[in-house]
Amino acid sequence: MEYSEFVKSTLNTLQPDVFEQIKTVLIPEYLSFSIIPEDGITLAILSEKICDYFEKLELKTGKSFDKYVESYLKDLDSIVERRIAKTPQPKKNDPTPVVIPRARKYYEKAVSLKKARTLATGVLVDYTRIMLCLYTAIIKSGFKEIGNFDFSSDCINPLDITTAMKNEQEPVAIKIGKKQKFDIKDLYCSDTCTFMLTIVLAYKILNDRVQEESEHE
């Protein structure tokens, strides 16, 4: 997928109120403007700025946008998978059917989406909605293992999610202790790109909900 196609099918579809929300999250932490004041930044200007970001990212690192999308999928998986309850093993001589935890069912569905041959925007949105709803339940549980969760997009709060992601830690090889999982000090790196994709896709999901609600009014 081309990054321009991704931006057109996500950011360019946002309703005005959702656009105002994503603008406050992206600026100035991830994007900055030297001359244009924040109230003068339109949807078209922000879309162009994000396209410029992905273009510069590709030029600086030599990695394609598709590779960054793959990293994004793996990053979300890495913070969700280990906290999803596993399916119980069937007991010997017990005919009672094994109950698969709801969170596990949806997680496995997300994994199957990740394996799609073509990662179109629709697939990314579906994958992201499952993973962010699962991660929201994980946050609310105090980062414990979960067996159930709320699949409503109403529960998704992009700021809560990115704040939790910033605090994620992982074991340090050989040494005792842990380190921050994501390093977003450098704007043009895989970790920061994961945050950018998370934010854009999260607001796309929220926008779809707002659009759906307005169509039913």
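Which residues do ring pairs link into a cluster? I find Y3, F6, Y53, F54, F65 and Y188.

**Ground rules.** I am working on a predicted model, so I take local features at pLDDT of at least 70 and side-chain atom pairs at pLDDT 80 or more, while totals for chains, interfaces and linings use all residues. Residues are numbered from 1 along each chain as its sequence is written, and side-chain values use heavy atoms, without hydrogens and water.

**Aromatic pairs.** I pair rings of Phe, Tyr and Trp (its six-membered ring) if their centres lie within 6.5 Å; planes under 30 degrees apart are stacked, over 60 edge-to-face, the rest tilted. The count by this rule is 12 aromatic pairs. I looked up F6 and F65, which make a tilted pair with 5.6 Å between centres and 50 degrees between planes. This pair links distant parts of the chain: F6 sits in helix α1 (residues 3-9) and F65 in helix α4 (residues 65-80), 59 residues apart. I take helices (H or I, at least four residues) and strands (E, at least two) as DSSP runs, numbered from the N terminus.

Are F6 and F65 buried or exposed? I call a residue buried under 20% relative accessible area, exposed over 50% and partly exposed in between (1.4 Å probe, protein chains only). F6 is buried at 0%, and F65 is buried at 2%.

Next I checked F182 and F195. They form an edge-to-face pair, 5.5 Å centre to centre, with 80 degrees between the planes. F182 lies in the loop between β2 (178-180) and α8 (190-215) and F195 lies in helix α8, so the pair ties together parts 13 residues apart in sequence. F182 is buried at 6% relative accessible area. F195 is buried too, at 0%.

**Charges over rings.** My test asks for NZ of Lys or CZ of Arg within 6 Å of the ring centre and within 35 degrees of the ring normal. K49 lies over the face of F33, 4.9 Å from the ring centre. K63 lies over the face of Y68, at 4.7 Å.

**Helix α4.** I went back to α4 for its length and cover. This helix has 16 residues and reaches 23 Å from first C-alpha to last, close to the expected 22 Å. The expected span is 1.5 Å times one less than the number of residues. Among the buried residues of α4 are F65, Y68, Y72, L76 and I79.

**Whole chain.** I count eight helices and two strands. Their order along the sequence is α-α-α-α-α-α-α-β-β-α. The radius of gyration is 19 Å, close to the 17 Å of the globule rule for 217 residues, so the chain is as compact as a globular protein of that length. That radius is taken over C-alpha atoms, and the rule is 2.2 Å times the number of residues to the power 0.38. Buried residues make up 43% of the 217. The C-alpha trace spans about 70 × 55 × 35 Å along its principal axes.

Most residues other than glycine have a negative phi, and most peptide bonds are trans. I found a cis peptide bond between I27 and P28, with omega about 5 degrees. P28 lies in the loop between α2 (16-26) and α3 (43-61). F143 is not a glycine, yet its phi is positive, about 65 degrees. F143 sits in the loop between α6 (121-140) and α7 (158-166). F143 is partly exposed, at 36% relative accessibility.
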